[in-house]
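Me: I'm new to this structure and would like a close look at a single part of it. Could you pick one spot and walk me through what surrounds it?

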Amino acid sequence: MATRLPEVDVVLVGMGWTGALLAKELTDAGHRVVGLERGHPRQTVPDFQSPTMHDELRYAVRHGLMLDPATETVTFRNYGAEVALPVRQLGSFLPGNHLGGAGVHWNGQTWRFQESDFVLKSHLEQRYGRDIIQDGLTIQDWGVTYAELEPHYDRFEKICGIGGKAGNLRGTIQAGGDPFEAPRSDEFPNPPMPQPHAAALFSCAAAEVGAHPFPVPTANLSRAYRNPYGCELQPCNACGFCERFGCEHFAKASPQVCVFPALMGKPEFELRTLCTVTKVEYDAQAKRATGVTYIDARGREVFQPAGLVILCAFAYHNARLLLLSGIGQPYDPATGEGSVGKNYTYQTMAGVSVFMDEGTRLNPYMGAGALGAAVNDWNGENFDHAGLGFVGGGYIAAYTTGGRPIEHHPVPSDTPRWGAAWKQAVKRHYNSTLSLSVHGSSMPHRGNYLDLDPTYKDSLGNPLLRMTFDFPANDRLMADFVTDKALEIGRVIAAPRNGTVEASRRSGRYSIVPYQTTHNTGGAIMGTNPRDSAVNRYLQCWDAHNVFVMGSSVFAHNPGYNPTGTVGALTLWAAKAIRDDYMRDPRPLVQA
């Protein structure tokens with residue numbers, strides 16, 4: 001029988017970015033909050049310090065900061081008629097583990113979505129007509145607008161100390177920034193990082209083909225900074241150990257640096273680590289949760305009653321918890337009915353490599369996670385899609401994230417995979433290869449979804465989450481189009497440097513094996529009514545008014561940007577509604 005604890009105001013499931021922000025906002029309002037974290041506690045000192053944190057084998061190759069599939073995994077298949085099998089080794093995406101979650105090992109690329117992204121279905125139909133959306137795509141509006149989220153984007157950027165250059169300041173286009181960005185109310189809190197040689201070459205070539213380059217907005221700090229919570233951040237030294245690593249210098253925004261110093265020790269907050277939540281206890285008749293059940297560090301089953309339950313786990317973990325708890329109707333791809341598990345999306349990645357003469361030295365080892373330049377000319381609705389056969393788009397960027405020796409060995413495709421010729425090619429191309437990333441959108445398709453696997457279970461006897469996903473034809477066409485634009489820029493870079501250009505296109509079925517991106521989205525999507533969404537515009541469950549869901553699991557589709565900026569903005573948007581409205585009068589904030 002589960003041990004029952006005294007009731008608290010709020011219980012948070014997961015303590016990454018969303019859990020940390022909510023804990024700070026709600027304890028500031030005087031509410032008693034318990035944060036449950038599956039992993040271990042960890043802080044910048046001592047857990048992220050050198051030389052240990054610069055162990056590429058341990059962290060980049062063996063995924064030392066990630067969730068071990070032996071602890072929890074998913075099953076995967078490309079389509080419904082295929083048998084799903086368990087993922088035994090991390091590959092395509094790398095969900096975080098322990099305190100801070102993926103907010104520890106992320107790169108820091110921090111974007112805002114476009115105004116049209118939040119009203120995508122309405123926008124596309126109004127601009128092009130209904131035929132622009134291919135059969136099978138389940139595109140819908142989100143239920144919130146960019147204008148409503150803008151103050152929260154601004155606040156999240158100031159909490160993180162994002163560096164960048166405004167391109168659209170209160171409706172006025174600014175030189176040096178992204179002219180396609182939605183209007184922002186204020187300049188970035190910090191300037192961009194100094195641009196490396198690769199970004200400079202890219203920017204010149206992009207401008208030559210008529211595109212509009214700008215420095216990527218970065219959570220790698222360009223100078224010392226104190227955030228609105230009073231937390232201190234330090235300037236990045238471009239050590240090249242960002243993605244898959246924690247930052248030893250307090251120079252990359254993370255919950256450990258930006259939130260926890262102002263949260264830990266508050267009498268209203270209690271952190272419990274090594275606690276695996278197995279279920280939200282749900283009263284279907286009353287349409288409300290009573291709390292959560294979890295397994296603690298000693299293997300005991302514990303029931304934590306709470307007035308409010310907020311799911312803050314990684315995207316597909318939130319969907320699984322809803323399914324295990326019986327909250328909301330599971331999505332059925334055959335009928336299109338139900339919402340939990342619907343609109344699972346990813347990111348459609350491609351790239352271009354520019355191999356130049358050895359006189360071009362890029363020094364790739366001097367890198368940071370968001371160090372580089374990008375163009376948004378072919379992202380989202382920044383260009384005319386009429387007659388192209390697809391919707392969506394992506395940005396093209398030249399990043400210098402770190403040329404570490406085990407994983408960074410760019411060579412032309414005709415190079416032998418091993419031996420003396422391979423070694424000579426690595427030596428020849430290591431310092432003179434420029435990579436362009438094509439970071440594309442992912443449109444929801446009726447056949448891409450999450451549900452509970454009927455065969456495989458975890459160590460506690462609960463069904464694993466089953467992931468069904470393949471790239472829709474729409475996204476393949478989009479990726480080809482944007483990759484062609486990247487090739488055009490690459491050829492301009494290569495021409496005066498005796499270079500060659502190769503494209504890595506999005507072809508074949510989606511594979512769970514090679515790493516692509518950790519931008520898993522959907523499964524508990526937001527919307528305007530309970531027929532096609534799991535949560536309302538405030539991220540409140542339609543079927544349980546005291547359960548809220550955070551993170552990219554609520555994205556109705558995935559635009560051609562990194563999701564963290566929007567995750568932060570939505571969290572602060574929901575936190576305000578919870579703090580200022582729901583906690584004063586607990587009820588559905590939107591009528592079904």
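Reply: Let's start at Y561, which sits in the loop between strand 22 (547-549) and helix 13 (564-582). Helices here are DSSP runs of H or I with at least four residues, strands are runs of E with at least two, and both are numbered from the N terminus. This is a predicted model, where local features need pLDDT of at least 70 and side-chain atom pairs count only at pLDDT 80 or more, while totals for chains, interfaces and linings use all residues. Residues are numbered from 1 along each chain as its sequence is written, and side-chain values use heavy atoms, with hydrogens and water left out.

Is Y561 buried or exposed? Y561 counts as buried because its relative accessibility is 3%; buried means under 20% relative accessible area, exposed over 50% and partly exposed in between, using a 1.4 Å probe and protein chains only. Leaving aside residues up to four places away in sequence, Y561 touches W111, R112, F113, Q114, D117, Q347, N376, N379, N382, Y395 and H439 (contact means heavy atoms within 4.5 Å). With Q114 there's also a polar contact of 3.0 Å between the side chains. That term covers a pair of N or O atoms within 3.5 Å; within protein, one must be able to donate a hydrogen and the other to accept it, and residues adjacent in sequence count only if both atoms are side-chain atoms.

F113, one of the residues that Y561 touches, brings us to the aromatic rings. The model has 33 aromatic pairs, meaning rings of Phe, Tyr and Trp (its six-membered ring) with centres within 6.5 Å; planes under 30 degrees apart count as stacked, over 60 as edge-to-face and the rest as tilted. F113 and F555 make an edge-to-face pair, 5.4 Å centre to centre with 75° between the planes. F113 belongs to the loop between helix 4 (102-105) and helix 5 (120-128), and F555 to the loop between strand 22 and helix 13, so this pair ties together parts 442 residues apart in sequence. Both F113 and F555 are buried.

Another ring group is a cluster linked by ring pairs: F76, F93, F314, Y316, Y344, Y346, F469, F471 and Y510.

For a sense of distance, go back to Y561: its C-alpha atom is separated by 33 Å from that of V292, and the two are 269 residues apart along the chain.
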